[in-house]
Amino acid sequence: MNFLPSGICFYVSVAICWLPAKVHASRWYMGTLGSQVMCDNIPGLVNKQRQLCRQHPKVMQVIGAGVKDWISECQHQFRNHRWNCNTMGRDQNLFGRLLLRSSREVAFVYAISSAGVVYTLARACSRGELNTCSCDPTKKGSSHDAKGSFDWGGCSDHVEHAIRFSQIFVDTKKREERDARAIINLHNNRAGRKAVKRFMNLECKCHGVSGSCSVRTCWQAMADFRHTGDHLRKRYNSAVQVAVNQYGTGFTAAHTHFKQPSKNDLVYLEDSPDYCIRDQDSGSMGTGGRVCNRTSHSMEGCEVMCCGQGYDMSRVSRTTKCECKFHWCCAVHCRDCHQQVDVHICKGQT
Ligand SMILES: *[C@@H]1O[C@H](CO)[C@@H](O)[C@H](O)[C@H]1NC(C)=O
């Protein structure tokens, strides 16, 4: 649904309007047309979700603005992979027809997107950007950890609230409407949401005579989203292929000698395409034009990355900062160094 001047709405684990670059245009849009129009134009929403969307336009906006963050995390995790989490641009949805399958990669997309929504939402709450939520109200009074007792202070990220909101929003599809793929998506969404909660750190500030730390105030803060990304990437590697039972109520490992998936595992139904050639129908962009590493034998190696289609070499000049010197006080001066490097690029359709 391409109805914004420079944005799109799509539906991964939640409906998301993506408003790139021109933040002001998006504000203008939201202000002029209102959330009603936005929510009515997101494909794939059921009534309950449209209602929630209209009731919380600000939340939708925050979630939309956070999309670029989890997409770039996804792209970071798969930078050396044939499938590199690239987006299709202004298509029906960001990942084109990729999401119509239930592959391992789609499992990852669902998990990281719902994790991203939780992360974005909890952060916006802590920053006071939304009037429907704030810091975790249960973190008050005193408590203790391995180092002794402390007082809750500052602002603890309210991840529980963010999980609840996105859960209500995501899991409202009627039971009858759930097909095998929907069951799988819901599972991966949940695994993604839970992943964020794993990476909460207790951060503390010391008080007391000359920093003696006799008194501490602490708060629970979400770790950098990279931790969640790394974790989900590991789950991707160990994702379990499953088959949905005949009643459509659950699933079991597709191969009896495989382990049964737990709540934290990513699951998928279908084998992935090899992503070697460009194929709109499977959401594959192909690897033509991708940079590869000639000496590596793993995924980023030219043999694997280029699918045996060969590669070209070009010599490019890179400029880096070098011979940096520290000048009192306080500046660092560097020289620009030029370096010739060989870059290998997969042949094929770009
Ligand atoms: C290419 O792969 C080799 C071997 O894995 C590694 O040592 C090297 O740093 C890689 N080069 C680049 C540019 O990533």
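**Close-up views of a predicted model**

**View 1. A sheet of three strands.** This open sheet of 3 strands runs in the order E12-E14-E13, with antiparallel pairing (strands, E, are DSSP runs of at least two residues, and helices, H or I, of at least four, numbered from the N terminus; two strands pair if DSSP finds at least two bridges between them). At the edges lie E12 (291–292) and E13 (311–327), each pairing on one side only. E12 joins E14 (residues 331–346) in the antiparallel sense over 2 bridges. Look for valine 291, whose bridge partner in E14 is isoleucine 345.

Two notes before moving on. Residues are numbered from 1 along each chain as its sequence is written. The model is predicted, so local features need pLDDT of at least 70 and side-chain atom pairs count only at pLDDT 80 or more, while totals for chains, interfaces and linings use all residues.

**View 2. Helices H6 and H7 cross.** The axes of H6 (residues 180–198) and H7 (residues 225–237) come within 9 Å and cross at roughly 135° (axes are lines fitted to C-alpha atoms, for helices over the stretch in contact, with angles from 0 to 180 degrees between N-to-C directions). H6 and H7 are therefore oblique to each other (under 35 degrees is roughly parallel, over 145 roughly antiparallel, 65 to 115 roughly perpendicular, and the rest oblique). Among the contacting residues are Ala191 of H6 and Leu232 of H7 (contact puts C-beta atoms, placed from the backbone, within 7 Å).

**View 3. Helices H3 and H4 cross.** Here the axes of H3 (residues 57–77) and H4 (residues 104–126) come within 8 Å, crossing at roughly 130°. H3 and H4 are therefore oblique too. Residues that meet include Trp70 in H3 and Leu121 in H4.

Methods. Contact = placed C-beta atoms within 7 Å.
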